[in-house]
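Here is a short report for a reader meeting this structure for the first time. Keep the sequence and the model in view while reading.

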Amino acid sequence: MDDIPGMHKVRLAVRENPLTSSFIREEHYVPEITVTGDGWVIEKDGGIVAFAIGNKLTGNIWALFVDPSHEGRGYGSRLHDVMVESLLAQGLDSLNLSTGADTRARVFYECKGWRQVACRDGDVWFEYAAGANSANSS
């Protein structure tokens, strides 16, 4: 629970897919981490610079964000790979997420082997199946 303020700070700092309201608050992280999911963080100099949260029941990727001042260092890729491996190891057949259609995140997930399954209201919905091309995940 001590990581939540740092995670939320990163979430509020991102330039793409920003939170435009107070819909997601710090208390929303608690069940996502402790009841239905798992979370991972990367720390640097005593602060959180990136984090990921995935739902271990549904396979939904709730969050994967890197502080803009720490982009380009491979943190997102490392978190992605650990999260996907961990969630699939718990017996899920596939994972899912959505992101903006015109974002770097979309390209990131496509390069990581995610398959687009829908596009609506400016968002792209992706699925990652167990056994997906692991050559794309490095």
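## The sheet E4-E6-E5

In this predicted model, 3 strands make an open sheet in the order E4-E6-E5. The pairing is antiparallel. Strands here are DSSP runs of E with at least two residues, and helices are runs of H or I with at least four residues, numbered from the N terminus. Two strands count as paired if DSSP finds at least two bridges between them. Strand E4 (94-100) and strand E5 (115-120) are the edges. Each has a single partner strand, so one side of each has no neighbour in the sheet.

Neighbouring strands of this sheet are turned by 20° against each other on average, direction ignored. Axes are lines fitted to C-alpha atoms, for helices over the stretch in contact, and angles between N-to-C directions run from 0 to 180 degrees. E4 pairs with strand E6 (residues 123-129) over 7 bridges, in the antiparallel sense. Ser-94 has Ala-129 in E6 as its bridge partner. Helix H3 (residues 75-89) packs on the sheet and touches E4 and E6. The direction of H3 makes about 145° with that of E4. Contact means heavy atoms within 4.5 Å.

## The sheet E1-E2-E3

Another open sheet of 3 strands has the order E1-E2-E3, with antiparallel pairing. Strand E1 (37-44) and strand E3 (61-66) stand at its edges. Each has a single partner strand, so one side of each is left without a neighbour in the sheet. The twist from one strand to the next averages 15°.

E1 and strand E2 (residues 47-55) run antiparallel and are joined by 8 bridges. Gly-37 has Asn-55 in E2 as its bridge partner. Helix H1 lies across E1, E2 and E3. H1 runs at about 90° to E2.

## Val-10 in helix H1

Val-10 sits in helix H1 (residues 4-13). Is Val-10 buried or exposed? Val-10 is buried, with a relative accessible area of 2%. Buried means under 20% relative accessible area, exposed over 50%, and partly exposed in between (1.4 Å probe, protein chains only).

Beyond its neighbours within four places in sequence, Val-10 contacts Ile-48, Val-49, Ala-50, Phe-51, Phe-65, Val-66 and Asp-67. The C-alpha atoms of Val-10 and Ser-94 are separated by 27 Å. Along the chain, these two residues are 84 residues apart.

## How to read the values

Residues are numbered from 1 along each chain as its sequence is written, and side-chain values use heavy atoms, leaving out hydrogens and water. In this predicted model, local features need pLDDT of at least 70 and side-chain atom pairs count only at pLDDT 80 or more, while totals for chains, interfaces and linings use all residues.
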